Amino acid sequence: MSVEQVIALVSALSLAILTPGPAIIATVQTAFAHGRSRALPYALGLASGASLWCLFALAGLAVLFRLHPALFTALKIFGGFYLLWFAWTLWRASTEPLPEAAGGASRGYWGGIALNLSNPKPALFYAALILSVFPEPMGIARQALIYGICLATELSWYALVAVLMSTAIMRTRYFAAKFWIDRAAGIAIMLLGLLLIVNH
């Protein structure tokens with residue numbers, strides 16, 4: 001694996017992670033609302049879930065979707081409805097008092113995995129990225145190295161966002177505008193879910 005390939009992989013992946021989408025919106029909102037103790041495990045779950053799409057891509061996901069487009073359509077529709085449910089929970093929470101930071105499994109590690117596994121954006125991205133940056137056949141050792149680089153990149157960015165957005169000053173500002181921030185995050189995720197369903 002060349003240095004240029006590693007740089008291309010990390011750069012493209014970093015841009016994809018930081019592009020506003022369900023995972024980043026959910027990470028920021030969780031950090032604001034519940035602090036680092038809950039946002040960090042959630043962010044690590046998001047990173048783990050997204051990295052699983054890298055494994056699937058390395059195992060031939062792009063070829064599978066090309067041979068069976070109905071599978072990808074089903075994934076997009078399922079992901080869209082999951083995002084709609086997630087948006088509804090954010091909308092409803094905007095008028096409720098904040099729960100305890102340790103409560104609620106939907107925003108824990110497994111909740112993060114579930115959100116990114118229901119999101120076809122990383123599936124498409126990884127399938128295209130792996131095929132474009134590494135078009136040649138690869139052995140197990142090289143695939144493991146690629147997965148390790150992708151997982152480290154995912155973990156680093158999601159953890160950084162969770163930590164920065166859960167600082168005292170950021171949370172204080174959130175508390176002052178909780179209703180509007182929760183509603184805006186809910187609307188953004190709802191629109192992303194509707195786009196997935198409508199454009200399947």
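Among contacts in the protein between residues at least 6 apart in sequence, what percentage joins residues at least 24 apart? With that as background, please take me to the largest cavity and its lining, and to a few residues worth a look.

A: Happy to. The model is predicted, so local features need pLDDT of at least 70 and side-chain atom pairs count only at pLDDT 80 or more, while totals for chains, interfaces and linings use all residues. Residues are numbered from 1 along each chain as its sequence is written, and side-chain values use heavy atoms, with hydrogens and water left out.

Your percentage is 87%: that is the share of contacts between residues at least 6 apart in sequence that join residues at least 24 apart. A contact here means heavy atoms within 4.5 Å. The protein has 10 helices and zero strands, and read along the sequence its pattern is α-α-α-α-α-α-α-α-α-α. Helices (H or I, at least four residues) and strands (E, at least two) are DSSP runs, numbered from the N terminus. Of the 200 residues, 45% count as buried. Buried means under 20% relative accessible area, exposed over 50%, and partly exposed in between, with a 1.4 Å probe and protein chains only.

Now to the part you asked about. The count comes to one cavity of 30 Å³ or more, and the largest cavity holds about 150 Å³ of space. A cavity is found on a 1 Å grid over the protein atoms alone, as a set of points where a 1.4 Å probe fits but cannot get out; lining residues have an atom within 4 Å of a point. Grid points are joined across faces, edges and corners, and the volume is the space filled by probe spheres set on the points.

The lining of this largest cavity takes in 16 residues, and Ala16, Ile17, Lys121, Pro122 and Tyr158 lie nearest its centre. Helices α1 (3–18), α2 (22–34), α7 and α8 (140–165) each give two or more residues to the lining.

Pro122 sits in helix α7, which covers residues 120–133, and counts as buried because its relative accessibility is 10%. Beyond its neighbours within four places in sequence, Pro122 is in contact with Trp53 and Asn116.

From there, step back to Asn119, in the loop between α6 (109–117) and α7. Asn119 counts as buried because its relative accessibility is 6%. Not counting residues up to four places away in sequence, Asn119 touches Pro22 and Trp53; Trp53 is also a contact of Pro122. Asn119 and Pro22 are 97 residues apart in sequence, with their C-alpha atoms 7.9 Å apart in space.

Further back is Gly112, in helix α6. Gly112 is buried, since its relative accessibility is 0%. Setting aside residues up to four places away, Gly112 touches Tyr42, Gly45 and Leu46.

For α8, look at Met165, which is found in that helix. Met165 is partly exposed, because its relative accessibility is 24%. Met165 touches Val28, Ala31, Phe32, Met170 and Arg171, again leaving out residues up to four places away in sequence. From Met165 to Val28 the C-alpha distance is 6.0 Å, across 137 residues of sequence.

If you turn to Trp91, you will find it in helix α5; it is partly exposed, because its relative accessible area is 31%.

Conventions
1 Å grid on protein atoms, 1.4 Å probe; cavity = no way out; pocket = protein on both sides within 12 Å on 5 of 7 lines; lining within 4 Å.
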